[in-house]
Each structure stands twice: as C-alpha cells, then as structure tokens.
Amino acid sequence: MTGFDRVKREPFLQEAAYLDSVYFWKENYVERQAESFLEIERPEYVNVKMLSWRWCFQSMELLIALYSGGEPIEALEFYADHMFSQFQRHKQAYPSFSLKLWEPDAYQYTLWLLSFAVLFNKPGRIRQIAGFLSEDPDDGEDILLRQLFSRVGVTIPGSTLIHERPYHELLNAVTTEKDEQKQAVRSYLKQWYRGMRNCYWHDRHKARSDAGFFGYWAFEAGLVTVLWGVDDTPYRDLPFYPKDLVDDARKRQVIKSFPEQLQSAPYSDALARSGEICARTGGWVCDEWAVGPQTFMQGVEMPSENGRSLVWRLVKGL
C-alpha cells in the first residue's frame, strides 16, 4: 500500500489521476486570476460568462478532491475561501446568475455550499449563498433547504420537497429526534449515491482515465449531524459520510457560530397546498376553511374543499 492509499479518504481515487487533476485545477483556477483572464478580448462567439462560471464549480471540485485525497482539514481552509470568493465574484459580475433548485446539480451545489459554510465555520457566507438562489418560484422553492437555512438564521421560501429521492430521508432527519433522527441520516447515506444519478458527476470514477474525479461525499449529512447534534455512531463509517470534516468541526466547536436561537423560520410555520404531499405528520390548520386543526400523516396528499385549492399550515409536529 502506498502512502497515498493510506491517507486518501475516497477509496475510488487513483493517485496518478488525482495528482493530474489537482495540478490542472490549481494551475488554471487558483494560480491564474479570474479577473485578468476574463478581461482578455475574445470573439463574440466565446461565452465569457460560462468561462467565469467554470471558476466556481472547478474551485468546488478542487476543494472536494483535496478532501478526498486526504489533505489535512486546516490545509483546506484556503481552498474553501477561494471557492466562496469565486461564487461571489461571479454573482457580482453577472447579477442575473442564480441556482435553479429544480436542477439536480444546482440543488446539490446549494447543499454543498451551505455545508462548507457551516463545517468550515464561515457564517458570513450563508446569506451570500441564499442570494445565489433564484427568486422565481417556478425555479423551485424547497422545504428541506428552507429548514436548513432556517437553522442558520436565514429565511427562504419553500413548502414542498422538490427532489423526493434521496432527500426525503434528510428531511426526516431535521424533523425527528434521537433514534429516529439517527436512523434517518443513516438511511439517507445508504441511498444517497443511487439518488444522485441525475447529477453530472455520477459514476465519474468509471471514466477510462479517472481524470476529473473528485470523490463522492454527502456533505449535507455532516451539516445535519453538526447542526442538530446527532450521534453519528450508527453511520459514521458508511460510505459518503465526511466524518473527518465533521470531527474537525466538532473539535473546533463551530456550533457556537450557529446557536439554536438563530433559527428564523420554525418548522411550525411550514406550509402545504392542496394536492401537495404532507411533509410531516402533525396538526395542520387552514385559515381559509373553518374546520379546525386536522391531523395528517406524512406522505398523504393534502386535501382541498370541493375542488378549491387551500393552503395548510403546520401548527404541531407529531
């Protein structure tokens, strides 16, 4: 076993391909300044906005790759800051840029960005991340992301889960407690990779050269573990769980930057419309229909009144 094989965190990672990819990412997207490169005059058919966007997702891929390759967590701080600065630079250069949550990749980017902001203890980045989300309801408003952002003090809209698989179990993890919560995170990790089939990086380790493979990690499972104080004993050794990053975040007590009183939109304010799937078992009321509180089980379809669409509000989770 080589020294690389002993320290790498991603079992599928091959040393030669890893070193080539990291060299490429660093040379092109860290050592080279985006601003000066993008100012070069180009033919009209060259999409400069797309070139600018590459600095964002390639910087993210580099950060994940370095974690996969076994780099010490403290050595990743620089690359986390670099990644966040590239997303913010791109947003300032192109104010219309937004992440559309109906896109699986954009949804995963949002989860990863939020996870990195928490696990690397960068609370100042969270409102920036929320600012990257599209404000058009047609682009997606998600209840899981609403709960995650709420936990760190930022309110975004969302009453339904856009991507049922695999995120249903992660939503369960933030709306349950103790043993049920632990099992929900464990279940999420066990089905996470299968549920990522629509993401561009899925099965990348099977490519002929392995070039560009940066590893598979459900960083959001670490985010929930830290913010909700979940005992990760039942799942810490499962594939895709970033236990080293979680352990480091706990050691540095990053939770002190995200006290529970930051929560700005409690789950009791969750909303669901007629025809939508009930996100949590509990007591729901409808201000438009004087029927009193109704108990609905998670997973059932929210009712209407003789075909009239209603808005239901969760008042007590069960």
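Student: Is aspartate 237 buried or exposed?
Tutor: Aspartate 237 counts as exposed, at 62% relative accessibility, where exposed means over 50% relative accessible area, buried under 20% and partly exposed in between (1.4 Å probe, protein chains only). This is a predicted model, in which local features need pLDDT of at least 70 and side-chain atom pairs count only at pLDDT 80 or more, while totals for chains, interfaces and linings use all residues. Residues are numbered from 1 along each chain as its sequence is written, and side-chain values use heavy atoms, with hydrogens and water left out.

Student: Which residue does aspartate 237 form a salt bridge with?
Tutor: Its partner is lysine 243, with the closest N and O atoms 2.7 Å apart; a salt bridge here is a side-chain nitrogen of Lys or Arg within 4 Å of a carboxyl oxygen of Asp or Glu. Lysine 243 counts as partly exposed, at 28% relative accessibility.

Student: How many salt bridges does a search of the whole structure find?
Tutor: The search finds 15. One of them joins the side chains of glutamate 77 and arginine 252, at 3.8 Å from N to O. That pair links distant parts of the chain, 175 residues apart, since glutamate 77 is in helix α5 (residues 73–93) and arginine 252 is in the loop between α12 (243–251) and β1 (271–273). Helices (H or I, at least four residues) and strands (E, at least two) are DSSP runs, numbered from the N terminus.

Student: And which residues are linked in a network of salt bridges?
Tutor: Glu77, Asp81, Lys122, Asp248 and Arg252 are linked in that way. Of these, glutamate 77 is partly exposed at 22% relative accessible area, and arginine 252 is partly exposed at 33%.

Student: What about arginine 250, what does it form a salt bridge with?
Tutor: Arginine 250 is bridged to aspartate 232, with 3.4 Å between the closest N and O atoms. This is also a link between distant parts of the chain, 18 residues apart, with arginine 250 in helix α12 and aspartate 232 in the loop between α11 (219–227) and α12. Arginine 250 is partly exposed at 34%, whereas aspartate 232 is buried at 4%.

Student: Switching to rings, how many aromatic pairs are there?
Tutor: The count comes to 32 aromatic pairs, taking rings of Phe, Tyr and Trp (its six-membered ring) as paired if their centres lie within 6.5 Å, with planes under 30 degrees apart called stacked, over 60 edge-to-face and the rest tilted. Phenylalanine 4 and tyrosine 18 have ring centres 5.1 Å apart and planes at 35°, so they make a tilted pair. Because phenylalanine 4 lies in helix α1 (residues 3–7) and tyrosine 18 in helix α2 (residues 15–29), the pair ties together parts that are 14 residues apart in sequence. Phenylalanine 4 counts as buried at 10%, and tyrosine 18 is buried at 6%.

Student: Which charged ends sit over the ring of phenylalanine 37?
Tutor: The charged end of arginine 32 sits 3.9 Å from the ring centre, and that of arginine 42 sits 4.5 Å from it; the rule asks for NZ of Lys or CZ of Arg within 6 Å of the ring centre and within 35 degrees of the ring normal.

Student: How many disulfides does the structure hold?
Tutor: The structure holds 0 disulfides, a disulfide being a pair of cysteine sulfur atoms within 2.5 Å. For cysteine 199, the nearest cysteine sulfur is that of cysteine 56, 17 Å away. The sulfur of cysteine 278 lies 14 Å from the closest cysteine sulfur, in cysteine 286, which is too far for a bond. Cysteine 199 is buried at 6%, and cysteine 278 is buried at 2%.

Student: Back to the backbone, where is the bond that is cis?
Tutor: The peptide bond from arginine 165 to proline 166 is cis, with omega near 0°, and proline 166 is placed in helix α9 (residues 164–173). Most peptide bonds are trans, and most residues other than glycine have a negative phi.

Student: Which residues have a positive phi without being glycine?
Tutor: Among them are asparagine 121, with a phi of about 60°, and lysine 178, with a phi near 50°.
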